[in-house]
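Okay, everyone, thanks for coming.

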Amino acid sequence: MSDDIYREIILDHYRNPRNKGKLPDADVSIHDSNPLCGDEIDMHLKVDGSTIKDIKFEGRGCAISQASASMLTEMVLGKPLTSVKDLSKDDILENIGLTSLGPARIKCALLSLKVLKLGMVKYYSDRDPDSAKKLQDDSKGL
Amino acid sequence: MQKHGALDVDKIREDFPILRRKLEGGKALIYLDNAATTQKPLAVINAIHDYYMNYNSNIHRAVHQLAEEATLAFEKTREKVAKFVNARSVEEIIFTRNATEAINLVAYSWGRANVGRDDKIVISEIEHHSNIVPWQILASEKGAKLEYIGVDDEGYLKMKEYSTHLDSNRVKLVSVSQMSNVLGTIIPVDEIIRMSHEKGIPVLVDAAQSVPHMRVDVQQMGCDFMAFSAHKMLGPTGVGILYVKKEILEKMPPFMGGGDMIKEVHKYETRYNDLPYKFEGGTPNIADVIGFAAAIDYLEDIGMDRVRNHEVELTKYAIERITGVKGVTLYGPRNVTDRGGVVSFNIGDIHPHDLATIMNDHGVAIRSGHHCAQVLMERLDVAATSRASFYIYNTKEEIDTFIGALDEARRLFKI
């Protein structure tokens, strides 16, 4: 089973994370952690109009949480910020190629998506509270 | 049962039904998460079963036969606990839900009455959250301060720092663990208590990790309060024990108001019950307290010195084997006589949760994470560690499998 999880691509994103670091002129930054594991993720977003123009993450934790965050940043860079609301648990698990994770480890894989969705809501709640409320209600798995 | 020499582990293992179960893929269970909770022998499971099957009843009130039998069995456990830790009397033994509740009881009852503005409570950097958070709550409520005894790089408490803390005349309580649940360090509580008592300061000992694994004698140690949990010593979950010296307990206000802790209740006033019932409001966890008696009998039959010796042997072997594995960082004292059966480590850049997942493939149950000791994790400058912890039913062969799984993790992560 571990052979299926700790594949080359997961280890590569764990050891050579993409889009990792600070984003000094970020429009929105958000932090969350997984109390079970202590995994931590910060997401920083630069938004141009409604598009994610730049995205960086910081964090520490297991290979699954960090690789998942790295892959997620690649997945959403250049996309409309509101498209984040439609990303589901399965989208993430398919993206990282881990569809058979147990309930404990699934939280590791999904932490970065949770943080990104919180970031999206925070971005709009500072600018357009009504649509932020709607985004929060519509957002899957928040 | 044989009373001397090495444990007959094969025979002991027969008493634990869970050790015979197979995990996914037909793997044998190798249970190395004993610092979190231990497995239960059949005698404990049967005692709980027998209570529900034959004499389930509420205690202390009714006069019917079932109530008498249940009360007798419940109070018999209190006697066994008192004897096990050598308390002077059963009045000094209070049943709670767990060690956490026992410490909270002291913080809410004794703490509120005795700690005031600018007073200090001294704890250490190795503490479990259960011996940190209740004091933070009390300190913020009262405007008091929390002071930490630091830990050195090998996992020993800095006794000089402790001595300096005691120089302040504002210290109202010292509260320390007797054994670290992460580093395994056995803390010199005798010395800590001696120094504290010289200044007239009471000491609480968090014995959740020590009482299950070594002989602990409250009179010899001289502690004022001691907390531990049944489920870490073969007993059921949901039973904690608070020991308090009688002269202190007599002056403590009640913790939880309700039934069973009263003598008389009138419209605007209540006379509280005698010790220890004054501190046991509401129907207690009768079945599990009764089950706990069987756990104490089981450990008494083996003898706590033999339990300790077995764990020292296993720990010594585990440390020898693990230090031979490439990329391993080991935490805690190197001298096994200074530590309990707990081995915390990291390997390369493998996060403990990833390691635990790989271990699980081999049927090996270890713990990974911050072990409810985030203050210590910050001190060690790690986010988490992996932890293997042993008990009476573990074997050197199991440690070999554990080491084999470590090698497999190194292969997967190319370390």
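Let's start with a pair of residues: His31(A) sits opposite Asp42(A), which is in strand S2 of chain A. A strand here is a DSSP run of E with at least two residues, a helix is a run of H or I with at least four, and both are numbered from the N terminus. Before I go on, this is a predicted model: local features need pLDDT of at least 70, side-chain atom pairs count only at pLDDT 80 or more, and totals for chains, interfaces and linings use all residues. Residues are numbered from 1 along each chain as its sequence is written, while chains are lettered from A and ligands numbered from 1 in the order in which they are written.

Back to that strand pair. S1(A) and S2(A), residues 39-48, pair in the antiparallel sense over seven bridges; pairing means that DSSP finds at least two bridges between two strands. As a reminder, strands of a sheet pair through backbone hydrogen bonds, either parallel or antiparallel.

So what order do the three strands of this open sheet take? The order is S1-S2-S3 in chain A, with antiparallel pairing. At the edges are S1 (28-34) and S3 (51-60) of chain A, each pairing on one side only. On average, neighbouring strands here are turned by 20° against each other, direction ignored.

Asp48(A) stands opposite Thr51(A) in S3(A). The hairpin of S2(A) and S3(A) has two residues between the strands, and Gly49(A) takes a positive phi near 65° there.

Now for the helices on this sheet. H5(A) lies across S1, S2 and S3 of chain A and runs at about 150° to S1(A). Angles, by the way, run from 0 to 180 degrees between N-to-C directions, with axes as lines fitted to C-alpha atoms, for helices over the stretch in contact.

H5(A) also has a helix partner. Helix H4 of chain A, residues 89-96, packs with H5(A) at an angle of about 120°, the axes being 10 Å apart. That makes H4(A) oblique to H5(A). Under 35 degrees counts as roughly parallel, over 145 as roughly antiparallel, 65 to 115 as roughly perpendicular, and the rest as oblique.

Contact means C-beta atoms, placed from the backbone, within 7 Å. By class, that is six nonpolar, no polar and one charged. Ala, Val, Leu, Ile, Met, Phe, Trp, Tyr, Cys and Pro count as nonpolar, Asp, Glu, Lys and Arg as charged, and the others, Gly among them, as polar.

Next, where the chains meet. 14 residues of chain A are in contact with twelve residues of chain B. On the chain A side, helix H1 (2-5) and helix H5 (103-127) each give two or more residues, and H1(A) has the largest share, with three. That side has eight nonpolar, three polar and three charged residues.

Over to chain B, which is divided into domain 1 (9-38 + 303-409) and domain 2 (46-300); the bounds come from an automatic or database domain assignment. Their centres, taken over C-alpha atoms, are 27 Å apart. Domain 1 of chain B puts 27 residues into the contact and domain 2 of chain B puts in 28.

Chain B has an open sheet too: four strands in the order S11-S12-S15-S14, with antiparallel pairing. Its edge strands are S11 (328-331) and S14 (367-369) of chain B, each pairing on one side only. Three bridges join S14(B) to S15(B), and Arg367(B) stands opposite Arg387(B) in S15(B). Helix H12 of chain B, residues 352-361, packs on this sheet and touches S12, S14 and S15 of chain B.

The axes of H4(B), residues 99-114, and H5(B), residues 133-142, come within 9 Å and cross at roughly 20°. That makes these two, H4(B) and H5(B), roughly parallel. Okay, over to you for comments.

Note on methods: Two residues are in contact if their C-beta atoms, placed from the backbone, lie within 7 Å.
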